[in-house]
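Subject: Structure handover

Hello,

Here is the structure I promised to pass on. Please open it alongside these notes.

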Amino acid sequence: MWNSSVQRKRGIAGRTFKQTPFSSDWKISVTERPQGILSRLTPLTPLDLRACRTVSDIVAGMALCSFGARMLGEVAATLTTWLSNGPRPVLIYDGKTSMPLYHLLRKLCNLQNDTYGKGFEGPYSPDEFVRANKTKERALIVGQYPERIEDELHALVGDAIFVNVTRQCKPGQVQDGYFPNVVFADPTYIMPLLALVFDERLNGTAHDVADLMHELQNYGGTAKQVVHGAYTLRKMLEDRRCTVMLTLSGAMTIAKMQRVITDLLDTGRIALVSATGALNTHGFVEGSGGMHYKHDPTIPDEDLAAEGLNRVTDTIEPEGNFDLIEGYVIEALDAIVAKGSLITNSAALHWEMGRRLAERDPTARAILATAYRQNIPVLTSAVMDSEVGNDIFVHNARRRAMGLEPIIFDQERDTRVLFALGRDAERLGIFTIGGGVPRNNTQNVGPLAEIYAARLGEKMDPVRFFYACRICPDHMDTGHLSGCTYREGATWRKFDFDGMLAEVQADATLTWPFMQKFATARLLAA
């Protein structure tokens with residue numbers, strides 16, 4: 001017989017967990033401050049769009065998030081300081097002088113109106129700067145630059161910030177899990193955004209997301225994609241005839257984007273969520289009180305492993321965080337069994353977990369709690385590929401050891417939920433963050449309906465997405481689904497060729513908050 005009361009400590013600073021596996025007798029105790037390595041790390045904060053009025057507010061919140069969002073937030077803070085104090089930074093750009101981006105960079109260097117503090121010096125092309133052979137303490141280098149002069153360029157600048165898609169920077173500046181003074185994204189999107197931030201922080205002129213979309217219309221590349229995506233998302237959400245499905249992959253909850261997700265669910269316009277098990281797990285950790293931390297590159301990965309501190313790129317997830325949710329998983333499974341069946345699905349498990357979190361904390365802004373309150377099914381096609389899946393596996397092992405039958409997950413039950421929504425929808429829309437299984441499984445509703453009708457001889461209207469908006473950095477030439485275009489998907493009868501389809505090829509943490517803030521403004525004001 002498995003010991004019914006087990007005390008575990010798995011690297012979570014300041015927390016111990018005690019559970020009884022077949023009852024609600026489990027508790028979490030939180031001490032005053034983290035211990036060990038965690039005491040040296042900076043806690044991260046969820047991005048809260050409700051508290052953000054301006055573009056600058058959103059960028060400031062990003063500094064305490066992860067991945068691209070943090071890069072942008074920290075770079076914006078550093079550049080604001082440079083423009084306010086100390087020697088003038090030089091601006092280096094190797095691009096067409098006829099393009100809108102070049103004219104913006106010239107504006108940032110214009111000292112006549114003192115538009116941005118002291119302004120930048122330049123802009124210089126990389127070759128012009130190298131030929132001048134003058135060292136500069138601070139430099140902002142926008143876009144790519146020739147490999148033939150990169151060594152000379154790097155040697156002439158002290159602290160340098162790089163904004164490019166080619167991941168160029170000084171050798172050794174970027175490390176595994178550490179990306180200081182870089183934003184690896186399209187400058188045609190990043191620089192107009194930063195210009196609005198500077199205008200507010202240095203001149204006091206506030207800009208909201210509508211101002212940002214208006215400004216981005218002047219540029220191509222990612223800027224143009226973001227505008228198209230924002231307007232498509234707004235149209236989709238405001239179309240009351242449309243059944244909207246949300247698919248989520250990637251470490252968006254560890255990236256501290258969970259409140260962006262729950263705000264979208266709270267609009268009442270999302271009919272279904274499909275997410276990876278890991279994304280739901282990390283979100284539940286945050287919703288139940290767990291913390292994530294900024295990685296410190298001076299701490300060896302071996303030391304992190306020894307203290308049970310799991311690294312996700314530039315962010316730390318303490319192993320003990322998962323103990324916060326195991327009790328919820330056990331309670332949810334017990335409740336499912338108590339209803340008289342050992343066969344269940346991910347939507348039922350998530351509903352039970354969300355109900356418990358919502359009842360214990362009515363203010364919890366976590367995906368499963370919010371989905372429960374809004375009566376939104378949350379599907380995970382690969383539920384076993386996550387910490388929740390680990391908990392299910394171990395729980396079934398305990399059941400077998402006690403002579404009880406295991407709980408079985410029937411994925412077809414989830415498919416029935418998806419199929420019914422697609423079949424009955426007057427019009428369909430999909431908003432996708434990342435790609436992977438959530439996107440693939442949800443988009444499959446069209447081909448599924450097609451073969452269902454054909455093989456069973458039933459009459460059914462085509463099930464195709466009329467609205468679609470996707471934010472994902474993957475390229476189509478890699479040949480995997482995450483990079484698949486909507487036009488390609490339309491050949492599979494997944495999308496309407498005449499629909500409103502938008503694809504933003506970028507890091508979601510850099511683009512999604514602004515797009516959603518714009519798209520939901522009128523809904524929230526109504």
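First, the ground rules. This is a predicted model, in which local features need pLDDT of at least 70, side-chain atom pairs count only at pLDDT 80 or more, and totals for chains, interfaces and linings use all residues. Residues are numbered from 1 along each chain as its sequence is written, and side-chain values use heavy atoms, with hydrogens and water left out.

The helix pair

Helix α12 covers residues 323-338 and helix α13 covers residues 346-360. Helices here are DSSP runs of H or I with at least four residues, strands are E runs of at least two, and both are numbered from the N terminus. The two axes come within 9 Å and cross at roughly 120°. Axes are lines fitted to C-alpha atoms, for helices over the stretch in contact; angles run from 0 to 180 degrees between N-to-C directions. α12 and α13 are therefore oblique to each other (under 35 degrees is roughly parallel, over 145 roughly antiparallel, 65 to 115 roughly perpendicular, the rest oblique).

Contact means heavy atoms within 4.5 Å. By class, this contact has ten nonpolar, no polar and four charged residues (Ala, Val, Leu, Ile, Met, Phe, Trp, Tyr, Cys and Pro are nonpolar; Asp, Glu, Lys and Arg are charged; the others, Gly among them, are polar).

Thr-344

Thr-344 lies in strand β15, residues 343-344. At 2% relative accessibility, Thr-344 counts as buried (under 20% relative accessible area; exposed is over 50%, partly exposed in between; 1.4 Å probe, protein chains only). Beyond neighbours within four places in sequence, its contacts include Ile-336, Leu-349, Phe-409 and Asp-410.

Asp-314

Asp-314 sits in the loop between β13 (309-312) and β14 (315-318). Asp-314 is buried, at 2% relative accessibility. A polar atom of its side chain lies 3.1 Å from the backbone nitrogen of Phe-67. Leaving aside neighbours within four places, Asp-314 also contacts Arg-70, Tyr-293 and His-295, among others.

Gly-143

Gly-143 is in the loop between β7 (136-142) and α5 (150-156). Gly-143 counts as buried at 10% relative accessibility. Outside four places in sequence, Gly-143 is in contact with Val-163, Asn-164 and Pro-187.

Best wishes

Notes. Polar contact = N/O pair within 3.5 Å; in protein donor to acceptor, adjacent residues only side chain to side chain.
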